[in-house]
Amino acid sequence: MTTSSEKTDLLAAFAEQRALLLITVRGLTDAQAGRRTTVSELTLGGIVKHLATGEEMWARIMSERDGELPEGMLDTAQYRMAEGDTLPALLERYASAARATEEAVAALPDLDVGVPLPKTPWSPPEPEFWSARRILLHLIRETAQHAGHADFLRETLDGANTTAQR
């Protein structure tokens with residue numbers, strides 16, 4: 001009997017969450033991806049952009065392990081499709097960010113590696129560390145949460161939902 005590693009299992013679970021999210025934007029135009037369908041500011045394209053940004057930032061944090069705040073990590077523009085953003089470009093960026101995450105995790109000796117968190121305005125005065133495992137679990141949770149948001153936004157947009165589109 002062959003068993004997979006924890007890294008392999010967590011990256012597979014992460015890939016499944018990404019795939020579910022991507023179902024929600026299947027077949028959309030740029031205009032649909034950027035359209036607000038609820039009182040929330042969230043849009044489907046904005047969710048993809050935010051998740052791509054998040055993965056880019058956390059991959060850098062895990063790779064560099066320098067405790068530095070990546071440029072743009074706190075920029076709230078990451079939650080919106082800007083003029084000139086296209087859904088295909090955001091999807092390519094998201095795919096590239098996923099590859100960066102997988103490469104960062106693969107390069108780690110194990111998931112117990114301590115990673116210094118970047119200093120933010122809400123950070124405590126002393127340095128904080130998360131294990132690479134905790135970072136990966138955070139990203140999986142974040143993706144799952146936003147996949148739920150996206151499913152609701154898509155259903156409000158045109159009646160489609162992830163379950164029906166699988």
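Student: Let's start with Glu41: is Glu41 buried or exposed?
Tutor: Happy to begin there, and keep in mind that this is a predicted model. Glu41 sits in the loop between α2 (30-33) and α3. Its relative accessible area is 52%, and the cut-off for exposed is over 50%. Glu41 is therefore exposed.

Student: How far apart are the C-alpha atoms of Glu41 and Asp151?
Tutor: Along the chain, Glu41 and Asp151 are 110 residues apart.

Student: Which way do α3 and α4 run relative to each other, roughly parallel or roughly antiparallel?
Tutor: Helix α3 covers residues 44-64 and helix α4 covers residues 87-107, and their axes are 8 Å apart. The packing angle is about 25°, and angles under 35 degrees count as roughly parallel. That makes α3 and α4 roughly parallel.

Student: What is the handedness of the crossing where α3 passes α4, and which classes of residue make up the contact?
Tutor: The crossing of α3 with α4 is left-handed. Residues from α3 in this contact include Val48, Leu51, Ala52 and Met62, while α4 brings, among them, Leu90, Tyr94, Ala97 and Val105. By class, the contact of α3 with α4 has four charged, four polar and 13 nonpolar residues.

Student: Turning to α1 and α5, at what angle do their axes cross?
Tutor: Helix α1 spans residues 6-24 and helix α5 spans residues 132-158. Their axes come within 8 Å. The crossing angle makes α1 roughly parallel to α5, and its value is roughly 15°.

Student: How many nonpolar residues does the contact of α1 with α5 have?
Tutor: On the α1 side, the contact includes Leu10, Leu11, Phe14 and Leu21, and on the α5 side it includes Leu136, Ile140, Ala144 and Ala147. α1 passes α5 in a left-handed crossing. Five of the contact residues are charged and four are polar, and the number of nonpolar residues is twelve.

Student: And α1 with α4: roughly parallel or roughly antiparallel?
Tutor: The axes of α1 and α4 come within 11 Å, crossing at roughly 170°. Angles over 145 degrees count as roughly antiparallel. So α1 and α4 are roughly antiparallel.

Student: Which residues in α1 meet α4?
Tutor: From α4, the residues in this contact are Leu91, Tyr94, Ala98, Thr101, Glu102, Val105 and Ala106. By class, the contact of α1 with α4 has nine nonpolar, one polar and three charged residues. On the α1 side, the residues are Lys7, Leu11, Phe14, Arg18, Leu21 and Leu22.

Student: Which two residues form the aromatic pair, and what is its geometry?
Tutor: The structure holds one aromatic pair. A pair of aromatic rings is described by the distance of the centres and the angle of the planes. Here the centres are 5.7 Å apart with 5° between the planes, so the pair is stacked. Its members are Trp58 and Trp130.

Student: How many residues apart in sequence are the parts that this pair ties together?
Tutor: Trp58 is in helix α3, while Trp130 is in strand β2 (residues 129-131). Both tryptophans are buried, Trp58 with a relative accessible area of 11% and Trp130 with 16%. His138, which lies in helix α5, touches Trp58 and Trp130.

Student: Finally, is His146 buried or exposed, and which residues is it in contact with?
Tutor: His146 belongs to helix α5, and at 8% relative accessibility it counts as buried. Its C-alpha is 11 Å from that of Lys49, a residue 97 places away in sequence. Leaving aside neighbours within four places in sequence, the contacts of His146 are Leu21, Ile47, His50 and Leu51.

Conventions
Residues are numbered from 1 along each chain as its sequence is written. This is a predicted model: local features need pLDDT of at least 70, side-chain atom pairs count only at pLDDT 80 or more; totals for chains, interfaces and linings use all residues. Side-chain values use heavy atoms; hydrogens and water are left out. Axes are lines fitted to C-alpha atoms, for helices over the stretch in contact, and angles run from 0 to 180 degrees between N-to-C directions. Helices (H or I, at least four residues) and strands (E, at least two) are DSSP runs, numbered from the N terminus. Angles under 35 degrees count as roughly parallel, over 145 as roughly antiparallel, 65 to 115 as roughly perpendicular and the rest as oblique. A crossing is left-handed if the near helix is turned anticlockwise from the far one by less than a right angle, and right-handed if clockwise. Contact means heavy atoms within 4.5 Å. Ala, Val, Leu, Ile, Met, Phe, Trp, Tyr, Cys and Pro count as nonpolar, Asp, Glu, Lys and Arg as charged, and the others, Gly among them, as polar. Rings of Phe, Tyr and Trp (its six-membered ring) pair if their centres lie within 6.5 Å; planes under 30 degrees apart count as stacked, over 60 as edge-to-face and the rest as tilted. Buried means under 20% relative accessible area, exposed over 50%, partly exposed in between (1.4 Å probe, protein chains only).
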